[in-house]
Amino acid sequence: INLDRIFDNPVVIVSDSSFNGGQPVAVRIRNVDGDSFEMRLQEPSYLNDRHQAETLSWMVIEAGNYQLADGTRLSAGTASTDQLSSQGFETVDFTSPFAATPTVLTQAQSSNDPDWVVNRTDAITGTSFRLAMQEEELLNSGVHQPETIGWLAVEQGNADDGDTLIEAGRTASTFSHNAAMVTFSQAFAATPAIFAKLDSFNDPDTANLRLDAFSSNGFSALVQEEKSLDFEEIHGGESVSFLALQDRFGTLLALQL
């Protein structure tokens, strides 16, 4: 992916993928440079790693703290971790705290370890959140090489940078292996760029989010487990962080704090 500007300290955020292919899949990133990065889909190792094309939303933000024209706060940064969820979570502190709990999206920026991996977040507050990686369940009690994890935190609610309508939010813990809808609180003129990730750890089984039914009013999502250890895919209710940007291509304007 070639970028149209040069970043000094880029943070790449990619949504969990659409649901065209039914097999579990994660997004892997590598070679993040100031003007480009590489991205691929990866299936767990018990599958053949051949997957149908999926729709992904991505954005790149310079690490730091920002404020949009309407006063909405957002922050971005990176953390390095080798922590799998079986070993516990690490705490990431915001350098500039939020007045209330923000939306938090994460994405591994590196592929130092070839094993399939997803990110899990939990315990989001205005000052911090907890972060861990998960390998497929059969391997999740082992070790994973350190990866750089990018994160983006945005104040919840409707926002505007003076040009682009934005909506950021967190759902209740109602998303499971059964699909459910996220309905936007504002009307977008067309289907926006949509980012969504699990942001709770109510069920410890390895899982990530899959998205479907994109529209100007919202989207559908379900929690998908993989089947490396067993064929059971029932997952308890989790909450979801999401971000919608009116323009599917373009640049957000913000004041760096």
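Hi everyone, let's start with the largest pocket: by class, its lining has 20 nonpolar, eight polar and seven charged residues. Here Ala, Val, Leu, Ile, Met, Phe, Trp, Tyr, Cys and Pro count as nonpolar, Asp, Glu, Lys and Arg as charged, and the others, Gly among them, as polar.

A quick word on the source. This is a predicted model, where local features need pLDDT of at least 70 and side-chain atom pairs count only at pLDDT 80 or more, while totals for chains, interfaces and linings use all residues. Residues are numbered from 1 along each chain as its sequence is written, and side-chain values use heavy atoms, with hydrogens and water left out.

Back to the pocket. About 1,000 Å³ of space lies in it. That volume is the space filled by probe spheres set on grid points, which are joined across faces, edges and corners. On a 1 Å grid over the protein atoms alone, a pocket is an open set of points with protein on both sides within 12 Å along at least five of seven lines, whereas a cavity is a set where a 1.4 Å probe fits but cannot get out; lining residues have an atom within 4 Å of a point.

Which residues lie nearest the centre of the largest pocket? They are Trp58, Met59, Val60, Gly250 and Thr251, out of 35 lining residues. Strand E4 (58-62) and strand E15 (193-198) are the elements that give two or more residues to this lining, and E4 gives the most, with five. By the way, strands (E, at least two residues) and helices (H or I, at least four) are DSSP runs, numbered from the N terminus.

How many cavities of 30 Å³ or more does the structure hold? There are two. E9 provides the largest share, four residues. Sorted by class, the lining of the largest cavity has eight nonpolar, five polar and three charged residues.

The second largest cavity holds about 50 Å³ of space. Met59, Leu68, Leu74, Val154, Ile166, Leu243, Leu245 and Leu252 line it. That makes eight nonpolar residues, with no polar and no charged ones. Met59 you have already met, among the residues nearest the centre of the largest pocket.

Let me pick out Leu68 from that list. You'll find Leu68 in the loop between strand E5 (64-67) and strand E6 (73-81). Is Leu68 buried or exposed? Leu68 counts as buried because its relative accessibility is 6%; buried means under 20% relative accessible area, exposed over 50%, and partly exposed in between, with a 1.4 Å probe and protein chains only. Leaving aside residues up to four places away in sequence, Leu68 touches Leu74, Ala159, Asp160, Asp161, Ile166, Leu253 and Ala254, where contact means heavy atoms within 4.5 Å. Ala159 is 91 residues from Leu68 in sequence, yet the two are 8.0 Å apart in space, C-alpha to C-alpha.

Three strands form an open, antiparallel sheet in the order E7-E10-E9; strands pair if DSSP finds at least two bridges between them. Strand E7 (90-93) and E9 stand at the edges with a single partner strand each, so one side of each is left without a neighbour in the sheet. The twist averages 35° from one strand to the next, with axes taken as lines fitted to C-alpha atoms, for helices over the stretch in contact, and angles running from 0 to 180 degrees between N-to-C directions. E9 and E10 pair over six bridges in the antiparallel sense, and Val118 has Gln134 in E10 as its bridge partner.

Between strand E9 (117-122) and strand E10 (128-135) comes a loop that holds Ala123. Its phi is near 55°, a positive value in a residue other than glycine. Ala123 is partly exposed, at 37% relative accessibility.

Last stop: Asn31, in the loop between strand E2 (26-30) and strand E3 (38-42). Asn31 also has a positive phi, about 50°, although it is not a glycine. With a relative accessible area of 45%, Asn31 is partly exposed. Thanks, everyone!
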